[in-house]
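Hi everyone, thanks for coming along. Please have the sequence and the 3D view open while I talk, and let's walk through them together.

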Amino acid sequence: MYNILTLNKISPIGLDRFDSGSYRCADAVENPDAVLVRSASMHDTVLPASLKAIARAGAGTNNIPVEACTEKGIVVFNTPGANANAVKELVIAALLLSSRKIYPAMQWVQTLKESDGDISKQVEKGKGDFVGPEIMGKKLGVIGLGAIGILVANAAQKLGMEVYGYDPYLSVEAAWGLSHSIHHAKSLNEIYENCDYITLHVPLTPETKGLVNSASIARMKHGVRIMNFSRGDLVVDDDMLAALGEKQVRVYVTDFPSACMIGHPGVLAIPHLGASTPESEDNCARMAADELIDYLENGNITNS
Ligand code: MLT
C-alpha cells in the first residue's frame, strides 16, 4: 500500500486514478511515499525519510525545495502544458483589459444614480472618458515560448497582432507549434524596442529574477503595456512603480498583486487565477497522478 499525502484540494479526476486497493490518499498520512501538491509552499516542510516523490499539479516548482529533494533522492514532477490553455485565455483577457478601459468603465457605471437623471443619458455623456486602443495591428512581445507562451503568441496573432517571440531555449518541437508568421526575436532588446505590449512567460530562476527592472524598462517603447502572469519576482516592483509614474509603462497587469501596487491606477491586479478553471484543475491532477503512479509502480520518470 502506497501512502499519498495531498497538500491541497486535488480534483477527484486525479484522485480517482489511484486504485484504492493499492493507494491511500489523504491530507494527513503517516510515512508518505509521495506528495501531491498544487500551490502550497513546501519550503518549511520536513521531508520524511519515506518520501520518494513529489508531484506538483501545475507548471512552476518554486513552491518545492527542489535542491533539497534532489539531495535526498526525492523525484519532483510537474505538469507542463496541463494548464496552458487556461493561462492563455486569462492573458488574452488581460491584453484586452490593458487596452480597452473596460474595468474603470464598469466601476464608473456602478456609481451612477437614477436620482442624477436618466441612466442612459448619463452613460452616453460619460463614455468619452473610456476610449482605449484596439490591439489589432499592434506589436506584442512574448518572452518565453514554452507551452503557455506559444499558445498566447498564436492566439494574439489570430487576433491581428504582430507577434514577436523570444526564447533562447526554444525547443524544435515547440518551434513547430508556433504560427509561421511569428517573428523570432534574436534578443530581448528587439522585443523591448519594438513592442507595444509585452507578456512574460518564463519560469522564475536566478537568471530571470528581476528581468523587468529600470534598465530593461528604459529600453522599452514609451507607454508599453506589460502583462505578468508568470511569477511576481520577475518584476522589480519599485522600478515598475517609478515607470508607471512617468507613464513609461502605461498599464501593468498581473496576477501577483504586491502591497505597494494596491490601489495604483496603472495596475490591474487579480489573484493568481491563471490555472483556475475546472478543466485545468482536472488536467493537472490527472497528469500529476499518472506521473506518480508510473514512477511508484514502474520506476518511469516523466516531467521531472
Ligand atoms: C503554474 O505554475 O502551473 C501556474 O502558475 C498556475 C499555478 O500556480 O497553479
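**Starting from a strand pair**

Let me begin at one spot: Leu5 stands opposite Val35 in strand 3. When I say strand or helix, I mean a DSSP run, E of at least two residues for strands and H or I of at least four for helices, numbered from the N terminus. Two strands pair if DSSP finds at least two bridges between them.

Before going on, please keep in mind that this is a predicted model: local features need pLDDT of at least 70, side-chain atom pairs count only at pLDDT 80 or more, and totals for chains, interfaces and linings use all residues. Residue numbers start from 1 along each chain as its sequence is written.

Now, back to strand 3 (residues 34–37), which is joined to strand 4 by four bridges, with the two running parallel. Here Leu36 is the residue opposite Ala55 in strand 4. On its other pairing, strand 4 runs parallel to strand 5 (residues 75–77), over three bridges, and Ala53 has Val75 as its bridge partner in strand 5.

Are the side chains of strand 3 buried or exposed? Ala34 and Leu36 point one way, Val35 and Val37 point the other way, and all are buried. Buried means that 20 or more other C-beta atoms lie within 10 Å of a residue's own; 12 or fewer makes it exposed, anything in between partly exposed, and C-beta atoms are placed from the backbone. Strand 4 (residues 53–56) is covered on both faces too, with Ala53 and Ala55 buried on one side and Ile54 and Arg56 buried on the other.

**The core**

Which residues touch the most other members of the largest nonpolar core? They are Leu36, Ala55, Ala153, Ala288 and Leu292, in a core of 80 residues. Helix 11 (residues 278–298) gives the most to this core, with eight residues. A nonpolar core here is a set of buried Ala, Val, Leu, Ile, Met, Phe, Trp, Tyr and Cys residues joined through C-beta atoms within 7 Å. In soluble globular proteins, nonpolar side chains tend to be buried together.

Let's look at Ala55 again. Not counting residues up to four places away in sequence, Ala55 touches Ala34, Leu36, Phe77, Ala288, Glu291 and Leu292. A contact means two C-beta atoms, placed from the backbone, within 7 Å.

Another buried residue is Leu178, with 20 other C-beta atoms within 10 Å. Leu178 lies in the loop between helix 7 (172–177) and strand 8. Leaving aside neighbours within four places in sequence, the contacts of Leu178 are Leu145, Ile150, Ala153, Asn154 and Gly165.

The domain assignment, which is automatic or from a database, gives domain 1 (2–80 + 278–298) and domain 2 (84–269). Their C-alpha centres lie 33 Å apart. Five residues from domain 1 and five from domain 2 make the contact.

There is also an open sheet of seven strands, in the order 8-7-6-9-10-11-12, with parallel pairing. Strand 8 (183–184) and strand 12 (267–269) stand at the edges, each with a single partner strand, so one side of each has no neighbour in the sheet. Within this sheet, strand 10 (residues 224–228) and strand 11 (residues 249–254) run parallel and are joined by five bridges. Met227 stands opposite Val253 in strand 11.

**The ligand, and the whole chain**

What surrounds the ligand? The shell is Arg38, Ser39, Gly58, Ala59, Gly60, Asn83, His272, Gly274 and Ala275, counting residues whose C-beta atom, placed from the backbone, lies within 6 Å.

To finish, let's zoom out. The chain has eleven helices and twelve strands, and its C-alpha atoms fill a box of roughly 70 × 55 × 35 Å along the principal axes. Of its 304 residues, 38% count as buried. Among contacts with a separation of 6 or more, 63% are between residues 24 or more positions apart.
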